[in-house]
Amino acid sequence: MTSPVEKRKRVPRWDFSGVRTREYTHGLHQYPAMMIPQVARELIGMVCPSAKSLFDPFCGTGTTLVEGKLVGLPSYGTDINPLARFIANTKTAHYNVEQLTKGKKILSELVRNTLNMGKSEEIESLLDGDRKKWESWFPEESLAEISHLSWAIDELGDFE
């Protein structure tokens with residue numbers, strides 16, 4: 001028979017006050033009601049030795065999926081919210097850091113170069129038929145910045 005002391009040793013610690021919850025890709029975004037990574041980590045740890053894969057039917061922004069991948073489990077999830085699915089895909093994708101660094105450098109240079117372009121031309125290109133929608137969401141200065149970035153991203157395209 002297992003003693004109460006032995007039972008307490010196996011119970012996960014559920015107090016995560018003061019722990020770092022924004023490690024790995026968990027800190028890429030703000031999203032309401034995000035799961036604390038340590039909770040997912042504890043739960044996965046309870047089933048990991050026998051688990052072959054992980055499926056989270058309400059994955060939100062992918063906290064559980066990230067934690068599953070960290071322990072080597074093939075991890076899958078779905079969510080009704082398309083933004084949540086996009087964030088989860090972003091957080092769990094495999095990235096080539098060298099290629100990202102190169103792309104960041106090229107993109108930064110493109111953005112610097114667009115600052116010399118005329119505002120009105122870029123904004124007109126961005127608005128392209130949705131003027132009322134865009135102008136109701138953003139002031140003109142923001143539209144100019146968005147158009148600079150949009151142009152630079154389009155120019156970057158797929159780089160090698």
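A residue counts as exposed when its relative accessible area is over 50%. In this predicted model, alanine 33 reaches 83% and is therefore exposed. Alanine 33 lies in the loop between α1 and α2. Its phi is near 60 degrees, which is a positive value in a residue other than glycine. Most residues other than glycine have a negative phi.

Tyrosine 24 is likewise placed in the loop between α1 (4-10) and α2. Phi of tyrosine 24 is also positive, near 50 degrees, and this residue is not glycine. With a relative accessible area of 54%, tyrosine 24 is exposed.

Two packed helices are described by the angle and the distance between their axes. For helix α2 (residues 37-47) and helix α3 (residues 63-70), the axes come within 9 Å and cross at roughly 50 degrees. The two helices α2 and α3 are therefore oblique to each other. The crossing in which α2 passes α3 is right-handed. On the side of α2, the contact is formed by Pro37, Ala40, Arg41 and Ile44, and on the side of α3 by Thr63, Thr64, Glu67 and Gly68. By class, the residues of this contact are three nonpolar, three polar and two charged.

Ile44 of α2 takes part in the contact with α3 and also belongs to the largest nonpolar core. When neighbours within four places in sequence are left aside, isoleucine 44 is in contact with Leu54, Thr64, Glu67, Gly68, Val71 and Leu73.

Key:
Residues are numbered from 1 along each chain as its sequence is written. This is a predicted model: local features need pLDDT of at least 70, side-chain atom pairs count only at pLDDT 80 or more; totals for chains, interfaces and linings use all residues. Side-chain values use heavy atoms; hydrogens and water are left out. Axes are lines fitted to C-alpha atoms, for helices over the stretch in contact, and angles run from 0 to 180 degrees between N-to-C directions. Helices (H or I, at least four residues) and strands (E, at least two) are DSSP runs, numbered from the N terminus. Angles under 35 degrees count as roughly parallel, over 145 as roughly antiparallel, 65 to 115 as roughly perpendicular and the rest as oblique. A crossing is left-handed if the near helix is turned anticlockwise from the far one by less than a right angle, and right-handed if clockwise. Contact means heavy atoms within 4.5 Å. Ala, Val, Leu, Ile, Met, Phe, Trp, Tyr, Cys and Pro count as nonpolar, Asp, Glu, Lys and Arg as charged, and the others, Gly among them, as polar. A nonpolar core is a set of buried Ala, Val, Leu, Ile, Met, Phe, Trp, Tyr and Cys residues joined through side-chain atoms within 4.5 Å. Buried means under 20% relative accessible area, exposed over 50%, partly exposed in between (1.4 Å probe, protein chains only).
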